[in-house]
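Work through the exercises below with the sequence and the structure open. Each task is followed by a worked solution.

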Amino acid sequence: MSILGRLLHREDLHSLAAPYALDALEPGERRRFDKHLQDCDRCTAEVRDLSEDAVRLAWSAAAPAPSALRDRVLAAVRSTPQERVPARERTPQLPPHVWGAQPPPGRARTPRARRPLFAPLATATATAALVVASLVAVQANRTQDRLDAEHARAREIAHVLAASDARASTSEDARGRSIGVIASASNGEAVVTLSGYGTPSGGRVHQLWLMRPHAQPRSLGLLAGDTPLIAKGLGKSSSSLAVTIEPDGGSAQPTSQPIVQLTLKSVGFGE
Amino acid sequence: MAADELLVLVAGGDQRAFEDLYSLVSGPVYGLVRRVVRDPAQSEEVAQEVLLELWRSAARFDPRRGSALSWILTLAHRRAVDRVRSARAAGEREQREALRAGEPAFDQVAEEVEAGLEREWVRRCLKRLTALQRQSVTLAYYDGYTYREVAERLSLPLGTVKTRMRDGLTRLRECLGGAA
């Protein structure tokens, strides 16, 4: 194909953004455009905007659903297993911006080299979904108070996850022990989990610290086993998280070397 | 709680959160499907599939790529359009369609659906589009026609229809901007 021909072809594809957002392409064209979107940032941005417009049309059609539908759906939900799809295995059947197969416009600048530290939120969501699931699962044999408290906590975690800048990072050592964080720098919130470290002997505890430049470590609380800890009020300058083993009840300042440390740079902190 | 947060909880298997999410989105999902599919029994079937898919696939939702509601309604629309096209291919609706040819759908179903503020705004804004912009957008979105079919129905070149669709959506955005 000549250069002109290729340009014309490209221009032709660009013009499909609106029909694409309206689901008005034929299956073959839809696939072709999906493919085109993978290396066209301009189209991705345009499709995203146009799709939001199309959704306004959807809202205006809202109508009360038949009550029998609710019963059927809720009954089906009780016996339907959920998908656990790792980000990489997704097949984009819907607009890529919707399924997450495309980087959102304006974020494509994330350096590739940082990939090992930077888990896309899809993974974060899946990880945290497991966290939330475990919280929900243990509710069965708890008192109502505990149950409410745990539900409130699950919702707080969901709140962190739902932030538009939520990102995840994990660090695993050679023995398979890991520390994971899902954080939103704009909200100054993070969910931290420790896995595989067990419970320290002699009634001692795992204490989580926030490390900042030119400042004393700040205690973020005690970590109980694998239970996620929700940390708030994290300043933009926060540089890393550290865990130390402390006497029962915790300490005002760390009294031992950290057993594990995790930088917060990859989750948007450290200005 | 917003749909975005509920969806994250749903991804974790929280059935209570799903019930909340259901209350929030079943109306828009069912209404949209009904608008596109028309047949009540089939609409209910498609809406059920979509709502169940939310439960099954909640983990696929990625907040960085747009709002949960946008994700949900895009899914619902895609499923509704798929259904109406296969029904059309089967020739079931040819008769009724012939009667509707070229008519913008939004006036005809107006009475069927619940009036709301957002709905009023969208209607008002749709009226501000040129006739061709409006017909291009609504024939595709509410009636599930491909842009090729729209071009055929309106006797317009393909390029014109694509442009009208884009201009129509953009103008709608400008008009609705103050109504969010």
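A charge counts as sitting over a ring if NZ of Lys or CZ of Arg is within 6 Å of the ring centre and within 35 degrees of the ring normal. The model used here is predicted.

**Exercise 1. Charges over rings**

Task: Find which ring faces B:Arg88 and B:Arg35 lie over.

Solution: Start with B:Arg88, which is placed over the face of B:Tyr145 at 3.8 Å from the ring centre. Then take B:Arg35: the ring under it belongs to B:Tyr142, and the distance to the ring centre is 4.0 Å.

**Exercise 2. Aromatic pairs**

Task: Count the aromatic pairs over all chains, then classify the pair B:Phe61 and B:Trp71 and the pair B:Tyr141 and B:Tyr142.

Solution: Rings pair if their centres lie within 6.5 Å; planes under 30 degrees apart are stacked, over 60 edge-to-face, and the rest tilted. With this rule, four aromatic pairs are found over all chains. For B:Phe61 and B:Trp71 the centres are 5.7 Å apart and the planes make 50°, so the pair is tilted. B:Phe61 lies in the loop between helix H3 (40–57) and helix H4 (68–89) of chain B, while B:Trp71 lies in helix H4, so the pair ties together parts ten residues apart in sequence. Both B:Phe61 and B:Trp71 are buried.

For B:Tyr141 and B:Tyr142 the values are 5.8 Å centre to centre and 70° between the planes, which makes the pair edge-to-face. B:Tyr141 and B:Tyr142 are both buried.

**Exercise 3. Helix H2 of chain B**

Task: Compare the end-to-end span of helix H2 (residues 15–37) of chain B with that of a straight helix, and locate the kink in H2(B).

Solution: Next, look along the helix: a kink of about 50° lies at B:Val25, shortly before the proline B:Pro28. Finally, inspect both ends. Just after the helix, B:Arg38 has a positive phi of about 75°.

**Exercise 4. A residue in chain A**

Task: Is A:Leu264 buried or exposed, and how far is it from A:Met211 in sequence and in space?

Solution: First place A:Leu264, which is in the segment after strand S8 (260–263) of chain A. Its relative accessible area is 0%, so A:Leu264 is buried. A:Leu264 and A:Met211 are 53 residues apart in sequence, and their C-alpha atoms are 9.5 Å apart in space.

Definitions and conventions: Residues numbered from 1 in each chain as written. Chains lettered and ligands numbered in written order. Predicted model: local features only at pLDDT ≥ 70, side-chain atom pairs only at ≥ 80, totals over all residues. Heavy atoms only, no water. Phe/Tyr/Trp six-rings, centres within 6.5 Å; stacked < 30°, edge-to-face > 60°. Helix = DSSP H or I, 4+ residues; strand = E, 2+ residues; numbered from the N terminus. Buried < 20%, exposed > 50% of the residue type's maximum accessible area, 1.4 Å probe, protein only. Expected span 1.5 Å × (residues − 1). Bend = angle between axes of the 7 residues up to and from the residue.
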